[in-house]
Amino acid sequence: KKISPILGEFSSYGLNRNDYCINFDLKELDIGCDPEQMIELMKRSYCPEWFTEWMEYDKDSHRKKSNKYSLYLKNNSVDINCYYKFKELCEDFIDCPSLENSRSLIRFEVQCKYPKIYSMAKIIKNKSGAANVINEMLSDDVSSDIINKYFNRIIQKGDYYTLDMARNIVGLQHFRLKKEKRLIDTLNQINECRGISKAKDNLQDGELEDFRRTLRELAEIGVNPVTIPREWGIKHIPN
């Protein structure tokens with residue numbers, strides 16, 4: 001109403017897109033690495049089969065490349081955008097008065113488009129019979145559930161370790177030798193390919209289920225499948 005009486009009230013509108021997001025302040029969280037390093041680790045994460053990574057044509061290399069400071073996954077109903085906020089503002093909003101406050105911020109967004117919103121609204125209405133479905137969709141509980149669901153699926157659970165430390169943690173679990181070998185082989189493969197999705201792309205159909213099971217088992221012991229490059233000189237980065 002302060003903007004214009006023509007706009008009416010919030011309750012008279014519907015949603016055709018909803019962005020659930022969270023800002024991680026690496027300095028506040030005492031993460032122990034810089035934002036560029038964190039984004040590099042996140043870009044090595046898991047891209048589910050029903051997503052494609054957005055890329056644009058690079059004139060210098062004559063091929064499509066992803067943005068160095070973001071991970072942007074897309075499908076027909078949901079987009080995932082994980083990016084270094086400071087770099088985004090420098091490109092699009094250099095006069096932002098809060099520019100300096102964004103120097104240690106990583107933003108993780110789940111952008112739900114109309115097909116996703118429609119199915120969510122239907123589920124909420126059938127499950128709870130909520131009178132105001134939009135209020136429910138914008139609630140803290142739903143926001144938290146959506147962010148956790150996609151963050152854990154794509155970035156994966158577990159802290160980041162060097163390859164040697166990750167292998168040692170697996171060894172300390174005293175698993176059966178076959179299981180221990182499978183977990184360590186997967187860590188080696190992801191490290192060699194520089195990413196979960198790149199390692200997955202080298203697998204045949206019969207190997208994929210073992211690979212997914214291994215990711216779940218690494219999460220259970222608090223180890224992220226992505227390992228810290230040795231040259232960084234960092235042994236552990238909390239997730």
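These are my notebook entries on a predicted model of one protein chain.

**Entry 1: the whole chain**

I started with the overall make-up. The protein chain has 239 residues, and 41% of them are buried. I found nine helices and nine strands in the chain. Next I looked up the extent: along the principal axes, the C-alpha atoms fill a box of roughly 70 × 45 × 40 Å. The accessible surface comes to about 14,700 Å², and carbon and sulfur atoms hold 49% of that.

Then I turned to contacts. Among contacts with a separation of 6 or more, 71% are between residues 24 or more positions apart.

I also looked up the charges. There are 38 positive and 37 negative charges in the chain, and their mean positions are 3 Å apart.

**Entry 2: Ser143**

Is Ser143 buried or exposed? Its relative accessible area is 18%, so it counts as buried, the cut-off being under 20%.

Which residues does Ser143 touch, leaving out those up to four places away in sequence? I got Tyr20 and Leu138. I looked up Cys21 as well: Ser143 and Cys21 are 122 residues apart in sequence, yet their C-alpha atoms are 7.9 Å apart in space.

**Entry 3: salt bridges**

Side chains of opposite charge can pair when their charged atoms come close. How many salt bridges does a search of the whole structure find? The search gives 16. I went through a few of them.

Glu40 and Arg44 meet through their side chains, N to O at 2.9 Å. I checked how open each partner is. Glu40 is partly exposed because its relative accessible area is 33%, while Arg44 has 12% and is therefore buried.

Lys43 and Glu53 make another salt bridge, with 3.6 Å from N to O. This pair links distant parts of the chain: Lys43 belongs to helix H1 (residues 35–43) and Glu53 to strand E2 (residues 52–53), 10 residues apart. Both ends came out partly exposed when I looked them up: Lys43 has 23% relative accessibility, and Glu53 has 29%.

**Entry 4: patches on the surface**

I looked for nonpolar side chains on the outside. Ile3, Leu7 and Tyr13 form a nonpolar patch there, with about 350 Å² of accessible area together. I followed up on Ile3. It lies in the segment before strand E1 (17–25). Its relative accessibility is 76%, so Ile3 counts as exposed.

For charge, I found a positive patch on the surface, where Arg63, Lys65, Arg194 and Lys198 gather. Where does Arg194 lie? It is in the loop between helix H7 (177–193) and helix H8 (196–200). At 53% relative accessibility, Arg194 passes the cut-off for exposed, which is over 50%.

**Entry 5: positive phi**

Most residues other than glycine have a negative phi. I looked for residues that go the other way.

Arg194 came up again. Its phi is positive, about 60 degrees, although Arg194 is not a glycine.

His174 is another case, with a positive phi near 55 degrees in a residue other than glycine. Where is His174 found? I traced it to the loop between helix H6 (163–171) and H7. His174 is exposed, because its relative accessible area is 69%.

**Entry 6: looking back**

My notes on H7 now cover the loops on either side of it. His174 is in the loop between H6 and H7, and Arg194 is in the loop between H7 and H8. Ser143 stays in my notes as the buried example, and Ile3 as an exposed one.

Terms used:
Residues are numbered from 1 along each chain as its sequence is written. This is a predicted model: local features need pLDDT of at least 70, side-chain atom pairs count only at pLDDT 80 or more; totals for chains, interfaces and linings use all residues. Side-chain values use heavy atoms; hydrogens and water are left out. Patches are made of residues with over 30% relative accessible area and no salt bridge: like charges are joined within 9 Å, nonpolar side chains (Val, Leu, Ile, Met, Phe, Trp, Tyr) within 5 Å. Accessible areas come from the Shrake-Rupley method with a 1.4 Å probe; for residues, only the protein chains shown count as cover. A salt bridge is a side-chain nitrogen of Lys or Arg within 4 Å of a carboxyl oxygen of Asp or Glu. Helices (H or I, at least four residues) and strands (E, at least two) are DSSP runs, numbered from the N terminus. Buried means under 20% relative accessible area, exposed over 50%, partly exposed in between (1.4 Å probe, protein chains only). Lys and Arg count as positive and Asp and Glu as negative; His and the chain ends are not counted. The place of a charge is taken as NZ of Lys, CZ of Arg, CG of Asp or CD of Glu. Contact means heavy atoms within 4.5 Å.
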